[in-house]
Amino acid sequence: MKKSILALALIATVFASCKKEETKVTTEDVLEEVILEKVEYSNKLEWTAYKTPEKVGVNGTFNTIEVSGVKDSGIVDQDYTGATFKIKTSSVNTKDAGRDDKLKAGFFGLLLGDINGKFVSFENGKAVIELTMNDVTKTKDFTYTVENDILKMNGSIDIIEDFDGVKAFNSIHELCKELHMDKTWTEVTLNVEIAKK
């Protein structure tokens, strides 16, 4: 009996010495660093105004467009939902200095403030955009597509009907009456392209 107890004690000692020491891992021992890559986008806006009875287009953009509130998920239309923007109208650029000066003084200079807006929603090919121009806020529907991480939006505004811009419109029409063959259109089309950098 004594021999069997001694044998069991010896076996228990051998197994105990061969057993791996358990290590307890706590959150203090391991610090996991998660680095999220910031998603950055480039923003392009091209507007087209129209002149002459044949409705000839004149293209332009703005050099200063500030966008804020963009998210970082990497899905462009979701990232821009709820984002806001401000367009500095004095940064208008048509690649024609003389025309730009006329637009700054004889059109945008007669509107109240800059252009502000918000990307309200994107759903089923329809983008809802809130625009404030000449101290008038309107919600406009644009069409949109997303392909290869590029969001493209297209829409139009009417300077008089949408934003009560009669004074500014009449001014630019008079300044350009001859060049426009006495026809300046109130419609302006807008094309926006937002892409991952």
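Student: Does Y144 count as buried or exposed?

Tutor: This is a predicted model. Y144 counts as buried, because its relative accessibility is 12% and the cut-off for buried is under 20%.

Student: Which ring does Y144 pair with, and how are the two planes set?

Tutor: Two rings pair if their centres lie within 6.5 Å, and planes over 60 degrees apart count as edge-to-face. Y144 pairs with F122 at 5.2 Å from centre to centre, and an angle of 80° between the planes makes this pair edge-to-face. F122 is in strand 6 (residues 115–123) and Y144 is in strand 8 (residues 136–147), so the pair joins parts of the chain that are 22 residues apart in sequence. F122 is also buried, at a relative accessible area of 12%.

Student: How many aromatic pairs does the structure hold?

Tutor: There are seven aromatic pairs. One of them is Y41 with Y80, which is edge-to-face because the ring centres are 5.4 Å apart and the planes stand at 75°. Y41 belongs to strand 1 (residues 41–51) and Y80 to helix 2 (residues 76–80), so this pair links distant parts of the chain, 39 residues apart. Both Y41 and Y80 are buried.

Student: Which residues form one aromatic cluster?

Tutor: The cluster is made up of Y41, Y80, F85, F119, F122 and Y144. The two pairs discussed above, Y41 with Y80 and F122 with Y144, have their residues in this cluster.

Student: What lies over the face of Y50?

Tutor: That is K55, at 5.1 Å from the ring centre of Y50. A second case is K183, whose charged end sits over the ring of W185 at 4.5 Å from the centre.

Student: How are two packed helices described?

Tutor: One gives the angle between their axes and the distance between the axes. Here, helix 3 (residues 97–106) and helix 4 (residues 166–175) pack at about 145°, with axes 9 Å apart. The crossing of helix 3 past helix 4 is right-handed.

Student: Which residues of helix 3 and helix 4 meet?

Tutor: From helix 3 they are K102, L103 and G106; from helix 4 they are A168, S171, I172 and L175. Sorted by class, this contact has four nonpolar, two polar and one charged residues.

Student: What is H173 in contact with, leaving aside its neighbours within four places in sequence?

Tutor: H173 is in contact with D182, K183 and T184. H173 is found in helix 4 and is buried, with a relative accessible area of 14%. Between H173 and T184 there are 5.8 Å in space, C-alpha to C-alpha, although the two are 11 residues apart in sequence. K183 is also the residue whose charged end sits over the ring of W185.

Student: Where does H180 lie?

Tutor: H180 is in the loop between helix 4 and strand 10 (184–196). H180 is buried as well, at a relative accessible area of 12%. Not counting residues up to four places away in sequence, H180 touches K51, T52 and P53.

Conventions
Residues are numbered from 1 along each chain as its sequence is written. This is a predicted model: local features need pLDDT of at least 70, side-chain atom pairs count only at pLDDT 80 or more; totals for chains, interfaces and linings use all residues. Side-chain values use heavy atoms; hydrogens and water are left out. Axes are lines fitted to C-alpha atoms, for helices over the stretch in contact, and angles run from 0 to 180 degrees between N-to-C directions. Helices (H or I, at least four residues) and strands (E, at least two) are DSSP runs, numbered from the N terminus. A crossing is left-handed if the near helix is turned anticlockwise from the far one by less than a right angle, and right-handed if clockwise. Contact means heavy atoms within 4.5 Å. Ala, Val, Leu, Ile, Met, Phe, Trp, Tyr, Cys and Pro count as nonpolar, Asp, Glu, Lys and Arg as charged, and the others, Gly among them, as polar. Rings of Phe, Tyr and Trp (its six-membered ring) pair if their centres lie within 6.5 Å; planes under 30 degrees apart count as stacked, over 60 as edge-to-face and the rest as tilted. Buried means under 20% relative accessible area, exposed over 50%, partly exposed in between (1.4 Å probe, protein chains only). A charge sits over a ring if NZ of Lys or CZ of Arg is within 6 Å of the ring centre and within 35 degrees of the ring normal.
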